[in-house]
Amino acid sequence: MTAASPAAPTLRDVLAAQHRLAGQVVRTPALSHRELDDATGAAVVVKHENLQHTGAFKVRGALNLLAADDAPRRQGVVAYSTGNHAQALAYAAARAGTPCTIVMPERPNPLKERAVRGLGAEVLLHGATFDDARAHAQELAAQRGARLVGAADEPLLVAGVATATLELLQQAPDLDVLVVPVGGGSGAAAACLVTASLAPHVQVVAVQSAASPAAHDSWRTGALVERPNRTRAEGLAVGRGFALTQELMRGRLDDFLLVTDDQISAAQRLYLTGARTVAEGAGAAALAAVLAAPERFAGRSVGVVCSGGNAGEEELRRALDA
Ligand SMILES: *Cc1c(COP(=O)(O)O)cnc(C)c1O
């Protein structure tokens with residue numbers, strides 16, 4: 001490991017998060033869909049975080065961060081993101097009465113920009129690329145004395161996100177395997193943390209897009225690596241490995257699979273037609289992995305995290321054509 005990671009959260013932090021988040025998040029349904037079982041040969045249980053506030057699981061982490069720690073609540077928060085991290089933080093900041101600034105690269109997806117502004121956050125457009133936006137966010141946070149909130153190396157985010165796994169283990173106590181999509185790795189790290197203590201018999205399998213394989217390659221090599229970052233699935237579009245999430249996955253994750261963006265689109269289609277639910281690309285990656293490796297999952301009870309549902313119209317059209 002090349003960079004120091006912040007102290008890893010423990011099960012106790014996850015239980016504290018669950019207590020804090022009671023009544024603040026949707027206890028999302030964990031559902032079986034016959035069409036998904038038929039298509040995969042497995043007994044699939046979908047954890048529907050696409051029905052969570054802001055349409056993705058990330059809000060669990062943002063709410064926990066602002067509820068657990070006064071400092072960012074007082075200082076205000078800054079993030080660079082175009083997607084669900086921005087919406088999650090804006091939502092939690094509005095609830096906490098905390099000023100929130102989101103830096104996005106110029107010419108963002110107008111839907112997402114509008115959603116973040118609609119949640120009351122200040123949106124600053126800066127730079128052509130994500131790296132420019134990041135540098136600007138760092139400067140801004142330093143100038144204002146605000147807290148820069150990253151999407152991965154944040155113990156309170158991981159602990160908050162882990163409440164989804166706690167719920168799922170209660171909703172589906174007989175799972176054999178849990179399949180989780182990965183960008184920066186907070187969701188998979190959280191699943192590792194919770195199952196290690198409460199359900200060590202459950203295998204955890206992570207999934208990334210082959211077009212953005214940084215977390216996968218970091219896990220396989222045991223080093224924090226940078227990789228090309230070209231996936232269409234916004235929630236999975238991350239170009240490097242992170243110390244904290246890699247540390248939690250190491251030794252606990254059973255396997256790490258890659259799927260193509262086209263396999264992800266096909267899984268989105270199956271969610272639409274077979275489960276009558278909207279998954280964004282990142283939200284469909286776990287199902288894509290189960291569809292891609294039937295021999296691995298057939299006949300088993302497989303939990304699949306449908307992590308988000310914020311798909312735009314063009315993305316949905318592509319999915320229906322897949
Ligand atoms: C962020 C995100 C992911 C990836 O989660 P990480 O915790 O960054 O690995 C997956 N799906 C959706 C919908 C997301 O927004």
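Start by selecting Thr231, which is buried with a relative accessible area of 10% (buried means under 20% relative accessible area, exposed over 50% and partly exposed in between, using a 1.4 Å probe and protein chains only). You are looking at a predicted model, in which local features need pLDDT of at least 70, side-chain atom pairs count only at pLDDT 80 or more, and totals for chains, interfaces and linings use all residues. Residues are numbered from 1 along each chain as its sequence is written, and side-chain values use heavy atoms, leaving out hydrogens and water.

Thr231 belongs to the loop between α10 and α11 (243-249); helices (H or I, at least four residues) and strands (E, at least two) are DSSP runs, numbered from the N terminus.

**Into helix α10**

Next, pick His216 in helix α10 (residues 214-221). His216 counts as buried, at 10% relative accessibility. Show side chains here, and you will find a polar contact of 2.8 Å between those of His216 and Asp217. A polar contact is a pair of N or O atoms within 3.5 Å; within protein, one must be able to donate a hydrogen and the other to accept it, and residues adjacent in sequence count only if both atoms are side-chain atoms.

**Two loop stops**

Most residues other than glycine have a negative phi. Go to Thr54, in the loop between β2 (43-48) and α3 (59-68), where phi is near 65°, a positive value. Then select Arg107, in the loop between β4 (100-104) and α6 (110-118), with a positive phi near 60°. Which is Arg107, buried or exposed? Arg107 counts as exposed, at 78% relative accessibility, while Thr54 counts as buried, at 17%.

**Last stop: the ligand**

Lys58, Gly183, Gly185, Ser186 and Ser307 come nearest.

- Lys58: an N or O atom of its side chain is 2.6 Å from an oxygen atom of the ligand.
- Gly184: a polar backbone atom is 2.9 Å from an oxygen atom of the ligand.
- Ser307: a polar side-chain atom lies 2.6 Å from a nitrogen atom of the ligand.

Definitions and conventions
A residue is near a molecule or strand if one of its heavy atoms lies within 4 Å of it.
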